[in-house]
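Student: Could we go through this model together, so that I learn how each term is set against its definition?

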Amino acid sequence: MVYDVIIVGGSYSGISAGLQLARARRQVLVIDGGRRRNRFANHSHGFLGQDGRDPGTIASEARTQLLAYPTVTWVSQSAIQASTSPSGFRVSVERGEQFTARRLVLATGVVDKLPDIPGVFERWGQRVFHCPYCHGYELDGGHIGVLAASPLAIHHALMLPDWGPTTLLLNKVFEPDAEQLASLAARGVTVIDEPVLSVSGAQADVTLASGQVITFAGLFTQPRTYMSSPLAEQLGCEFEAGPTGEFIKVDAMRETSVKGVFACGDAAIGAGNVAIAVGEGARTGGAAHQSLMFR
């Protein structure tokens, strides 16, 4: 069978793209390995109508709604290879099966590389975060730490005083210049230029090299992001530099540099947010459908 569209990635953006195509009565195959980027978090915030819900429940219910459409098929496998074919595109999964489609949507997401400090990974999504809009409000105005992993920490530190008193932990990652220090002071941010040894405790107890321990309601940091799938590179898609890593380059219609291949979600935009992923997925699904009709 040749599908109209294969969507690789069945998280928020992939399901949203699939929903547009299913409602256009197109034959859609979703291939998903089951590793959502936000699987470490217990609550999702800032998504209209879903604020505060378990992100896994949101994804599960969305999948159920998508699969209610008779033209949708779901394969719970990781896609490992993609190439062009006479019919359009061929995608192979880890069991060895191959599938073909006229169009391909990459909703493959990214992987976060966190600072290599004991206790950070264990608290990721619980007390260590990257998005103030997703998690800042729930810290209830408590003391917030910004753990520098790159110069982007300045941006975090200037934003977060709206959610609580903020301390920037430079951790010897970089040194703010005079203008940046003045901006931080104007926002009331405390700056500590001392290595961080570990993070522990039920909240976020940061132990500094001097032995001092500072308790924060939560920590924000700037993970580096990497493609979670090799498919875009295998197909020859162009990438562009983003604030945390490279992203798949798309045009206004969410099409990559490879004609017939579209991309959405965290793999194609530097904004790790459920609401944005859903919106971008809807745009991409519509664009892929129009490409089937008009060319």
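Student: What volume does the second largest pocket have, and what makes a space a pocket rather than a cavity?

Tutor: The second largest pocket has a volume of about 490 Å³, which is the space filled by probe spheres set on grid points joined across faces, edges and corners. It is called a pocket because the set of points on the 1 Å grid is open, with protein on both sides within 12 Å along at least five of seven lines, whereas a cavity is a set from which a 1.4 Å probe cannot get out. This is a predicted model, in which local features need pLDDT of at least 70 and side-chain atom pairs pLDDT 80 or more, while totals for chains, interfaces and linings use all residues. Residues are numbered from 1 along each chain, and side-chain values use heavy atoms, without hydrogens or water.

Student: Which residues line the second largest pocket, and which lie nearest its centre?

Tutor: Its lining, meaning residues with an atom within 4 Å of a point, has 24 residues, and His130, His156, Thr244, Gly270 and Ala271 lie nearest the centre. Helices H3 and H4 (153–159) each give two or more residues to this lining, and H4 gives the most, with 3. The lining divides into 12 nonpolar, 10 polar and 2 charged residues.

Student: How much space lies in the largest pocket?

Tutor: About 1,000 Å³ lies there, and of its 48 lining residues the closest to the centre are Arg35, Arg36, Arg37, Asn38 and Val110. Strand S7 (110–113) is one of the elements that supply at least two residues, and S7 gives the most to this lining, with 3 residues. By class, the lining holds 19 nonpolar, 22 polar and 7 charged residues.

Student: Why is Glu240 called partly exposed?

Tutor: Glu240 counts as partly exposed because its relative accessibility is 37%, where buried means under 20%, exposed over 50%, and partly exposed in between, with a 1.4 Å probe and protein chains only. Glu240 sits in strand S17 (residues 239–241). Leaving aside neighbours within four places in sequence, Glu240 is in contact with Gly245, Glu246, Phe247, Ile248 and Lys249.

Technical notes. Helices (H or I, at least four residues) and strands (E, at least two) are DSSP runs, numbered from the N terminus. Ala, Val, Leu, Ile, Met, Phe, Trp, Tyr, Cys and Pro count as nonpolar, Asp, Glu, Lys and Arg as charged, and the others, Gly among them, as polar. Contact means heavy atoms within 4.5 Å.
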